[in-house]
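The following paragraphs lead through a protein structure, from its secondary structure to its side-chain contacts and its surface. Please keep the sequence and the model in view while reading.

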Amino acid sequence: MKKTLARVLFGLGLSALVAPAVAKAETPPEVSLRSVTALGTGCPSGAVRAIVASDGQYIALVDGALSASAGPGVPPSEQRVFCQVILDLDHTPGYSYAVTNAYGYRGSAELDAGVTATFGVERYFTGELGENPVKTTLRGPFAERFVVREPADSVGPYSPCGAPRPLNIRTAVNVSVLGNPAGAGRIRLTPAWGIEVLRLHWRRCG
């Protein structure tokens with residue numbers, strides 16, 4: 001698994017060489033990952049792996065796919081599924097960071113008329129308020145694949161200065177048949193690359 005993650009980060013390094021020149025924020029001299037924890041109905045304990053790029057600009061995160069479904073005979077536990085990943089990042093003091101999803105998400109849904117599916121991402125640092133860079137609702141009839149990317153200006157929230165706290169990333173999918181109790185639907189969501197690539201945005205404290 002680590003070899004796969006390393007290849008992804010190596011690929012990102014190559015793509016940076018051919019990308020248009022942009023202003024690059026100062027990065028802490030030392031950045032590492034203390035731990036990664038996952039909880040939720042969509043990611044059993046131990047199912048998530050992560051690695052930080054050597055330049056401190058990206059995190060590659062393997063957190064799998066999320067699927068939810070609803071309809072006759074489908075238990076309530078399958079109607080709403082979530083995965084909460086907790087990243088405890090260690091870095092040189094005096095910096096604050098935020099993350100964005102570099103490539104977005106892809107998925108598919110099949111929904112009868114009146115059935116809706118929602119998916120969203122919430123990010124927050126433990127003890128702080130969160131932000132929702134992605135929140136989408138699909139309404140049936142619907143039977144398509146889709147791609148969703150974060151708005152370019154959705155950077156945040158930033159970690160508090162002087163009080164290191166883990167970053168929580170909660171991704172959830174939900175299918176509702178309230179608009180058509182006899183209908184059915186399903187949704188599946190994955191990172192666009194199969195591996196979620198998080199870009200780190202740094203800024204100086206003070």
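Helices (H or I, at least four residues) and strands (E, at least two) are taken as DSSP runs and numbered from the N terminus. The model is a predicted one, in which local features need pLDDT of at least 70 and side-chain atom pairs count only at pLDDT 80 or more, while totals for chains, interfaces and linings use all residues. Residues are numbered from 1 along each chain as its sequence is written, and side-chain values use heavy atoms, with hydrogens and water left out.

The secondary structure comprises 1 helix and 13 strands. Along the sequence these elements follow the pattern α-β-β-β-β-β-β-β-β-β-β-β-β-β. Of the 206 residues in the protein, 44% are buried. Here buried means under 20% relative accessible area, exposed means over 50%, and partly exposed lies in between (1.4 Å probe, protein chains only).

The aromatic side chains may be considered next. A pair of aromatic rings is described by the distance of the centres and the angle of the planes. Rings of Phe, Tyr and Trp (its six-membered ring) pair if their centres lie within 6.5 Å; planes under 30 degrees apart count as stacked, over 60 as edge-to-face and the rest as tilted. By this rule there are 5 aromatic pairs. One of them joins tyrosine 103 and tryptophan 193, which are stacked, with 4.5 Å from centre to centre and 15° between the planes. This pair links distant parts of the chain, 90 residues apart: tyrosine 103 belongs to the loop between strand S6 (95-101) and S7, and tryptophan 193 to the loop between strand S12 (185-191) and strand S13 (196-204). Tyrosine 103 counts as partly exposed because its relative accessible area is 28%, and tryptophan 193 is likewise partly exposed, at 45%.

Elsewhere, Tyr95, Tyr97, Phe125 and Trp202 form one aromatic cluster.

Charged side chains provide a further set of contacts. A salt bridge is a side-chain nitrogen of Lys or Arg within 4 Å of a carboxyl oxygen of Asp or Glu, and the whole structure contains 5 of them. Among them is the bridge between arginine 204 and glutamate 26, where the closest N and O atoms are 2.7 Å apart. Arginine 204 is in strand S13, whereas glutamate 26 is in the loop between helix H1 (2-18) and strand S1 (31-39); the two are 178 residues apart. Arginine 204 is exposed, with a relative accessible area of 52%, while glutamate 26 is partly exposed at 44%.

Arginine 34 and aspartate 88 also meet in a salt bridge, at 3.1 Å from N to O. This bridge connects strand S1, which holds arginine 34, with strand S5 (residues 80-91), which holds aspartate 88, over a separation of 54 residues. With 47% relative accessibility, arginine 34 counts as partly exposed. The bridge between glutamate 128 and arginine 165 has an N to O distance of 2.5 Å. Both partners are in loops, glutamate 128 between S8 and strand S9 (131-139) and arginine 165 between S10 and strand S11 (167-176), 37 residues apart. Glutamate 128 is partly exposed at 39%, as is arginine 165 at 30%. Salt bridges with shared partners join Arg34, Asp88 and Asp90 into one network.

On the surface, Arg106, Arg145, Arg186 and Arg188 gather in a patch of positive charge. Patches are made of residues with over 30% relative accessible area and no salt bridge; like charges are joined within 9 Å, and nonpolar side chains (Val, Leu, Ile, Met, Phe, Trp, Tyr) within 5 Å. Arginine 106 lies in strand S7 (residues 105-111) and is partly exposed, at 40% relative accessibility.

Finally, leucine 178 is found in the loop between S11 and S12. Its relative accessible area of 79% is why leucine 178 counts as exposed. Leucine 178 and threonine 116 are 62 residues apart in sequence, and their C-alpha atoms are 8.4 Å apart in space.

Definitions and conventions:
Accessible areas come from the Shrake-Rupley method with a 1.4 Å probe; for residues, only the protein chains shown count as cover. Lys and Arg count as positive and Asp and Glu as negative; His and the chain ends are not counted. The place of a charge is taken as NZ of Lys, CZ of Arg, CG of Asp or CD of Glu.
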